[in-house]
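Opening the notebook on this one.

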Amino acid sequence: MTEMQPAQPEAPKFLCLGSGSSGNCYLLETEHNAILIDAGINIKTTRKILKDNGFSLDQVDAVLITHDHADHIKAVGSLANEFDKPVYATEKVHEGINRNYCVTSKLTPEHQRFIEKGVLTTIGDFRITPFEVSHDSSDCVGYEIEVNGVTFCLVTDCGEVTPSVEQAISRATYLVLEANHDESMLARGSYPAYLKGRISSPRGHLSNHQCGEALVSFATPRLRHVWLCHLSEDNNHPELARKTVDQILRASGIIPGVEFFVDVLKRKTPSEVFTLE
């Protein structure tokens, strides 16, 4: 008699609902579980995007928050209090959420879950380790998520590539990495000097060039796909971000589409559903 082989789990799915200062939200889903990372898009739009792509808010087991800026947390109170979703964040981020004017429905204690950088948390199929990210918020983390044999890492709102970010890039099978601005566009643009300085500081945002150089320096052969995220509306353009990163990679002998794929996540339009095989 032939021995039955155990069924292989289905590959996880990834959907970006939106990425940028207008609102950030990402979905990871398996056969059994689903999580949202950040909650910066209003509930009505979140539910519609999920439904349009074959998902439901009912499937979501938890919400992970990177930091307490409005474009990442606007809907978090509604998700917790109206839809009974637990919210995972560091203690400082939770404090920032409850101080933030944009969160009109404050989190109740029963919906707060506290995480620590470098400490593993398990939610269903997901093994989640937050890590330090440099940004001018109350606190800020990226997420390294192991699920069904792949490692998904997300780094957004990041002023510099610190050792913790280097490690995340080197471990990633799938990577969401900030490419916020073009340095020349920012320098020539209409933003006041203090805001230009904030964006380009080590506690601001990664430029296209910094993003490309980080991939050259720390990506490994295990990396399969990179999504450029959190592009500025005023100081960047999707094709410019892609072209800049592409040129930096090719100059170092890395061919996008051969070594790994590179896509750009849009600010206000959801991505396609990606299968993380």
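Which helix gives the largest share of the lining of the largest pocket? I looked it up, keeping in mind that this is a predicted model. Helix H7 (residues 193-200) does, with 3 residues.

**Pocket**

I got a volume of about 240 Å³ for the largest pocket. I count 18 residues in its lining, with Ser21, Asn180, Arg198, His205 and His230 nearest the centre. By class, the lining splits into 8 polar, 6 charged and 4 nonpolar residues.

I followed up on His230, one of the residues nearest the pocket centre. His230 sits in the loop between strand E12 (225-229) and helix H9 (238-251). Its phi is positive, about 55 degrees, although His230 is not a glycine. Is His230 buried or exposed? I have it as buried, because its relative accessible area is 4% and the cut-off for buried is under 20%.

**Back to H7**

I also checked Lys196, which lies in helix H7. Lys196 comes out buried at 17% relative accessible area, which is under the 20% limit. Leaving aside neighbours within four places in sequence, I find Lys196 in contact with Leu186, Ala187, Arg188, Gly189 and Tyr191. For a distance check I took Thr129: Lys196 and Thr129 are 67 residues apart in sequence, and their C-alpha atoms are 32 Å apart in space.

**Open sheet**

Next I traced a sheet. Here 7 strands run in the order E6-E5-E4-E3-E2-E1-E14, forming an open sheet with mixed pairing.

At the E6 end, strand E5 (residues 87-89) pairs with E6 in the parallel sense over 3 bridges. Within that pair, Tyr88 has Arg113 in E6 as its bridge partner. Asp84 is another non-glycine residue with a positive phi, near 60 degrees. I class Asp84 as exposed, because its relative accessibility is 57% and exposed means over 50%.

**Around E10**

How many residues of strand E10 (residues 150-155) are buried? I get 6 of its 6. Both faces are covered, with Val150, Phe152 and Leu154 buried on one side and Thr151, Cys153 and Val155 on the other.

Then I looked at the partners of E10. Strand E9 (residues 141-147) pairs with E10 in the antiparallel sense over 5 bridges, while E10 and E11 are parallel over 4 bridges. Cys153 figures in both pairings: Glu144 stands opposite Cys153, and Leu175 in E11 is a bridge partner of Cys153. E9 and E10 make a hairpin with 2 residues between them, and Asn148 in the turn has a positive phi of about 50 degrees.

Last stop was Thr173, in the loop between helix H5 (163-171) and strand E11 (174-178). Thr173 counts as buried at 3% relative accessibility. Beyond its neighbours within four places in sequence, I find Thr173 touching Val150, Thr151, Arg222, Leu223, Arg224 and His225.

Notes. Residues are numbered from 1 along each chain as its sequence is written. This is a predicted model: local features need pLDDT of at least 70, side-chain atom pairs count only at pLDDT 80 or more; totals for chains, interfaces and linings use all residues. Side-chain values use heavy atoms; hydrogens and water are left out. Two strands pair if DSSP finds at least two bridges between them. On a 1 Å grid over the protein atoms alone, a cavity is a set of points where a 1.4 Å probe fits but cannot get out, and a pocket is an open set with protein on both sides within 12 Å along at least five of seven lines; lining residues have an atom within 4 Å of a point. Grid points are joined across faces, edges and corners, and a volume is the space filled by probe spheres set on the points. Ala, Val, Leu, Ile, Met, Phe, Trp, Tyr, Cys and Pro count as nonpolar, Asp, Glu, Lys and Arg as charged, and the others, Gly among them, as polar. Buried means under 20% relative accessible area, exposed over 50%, partly exposed in between (1.4 Å probe, protein chains only). Contact means heavy atoms within 4.5 Å.
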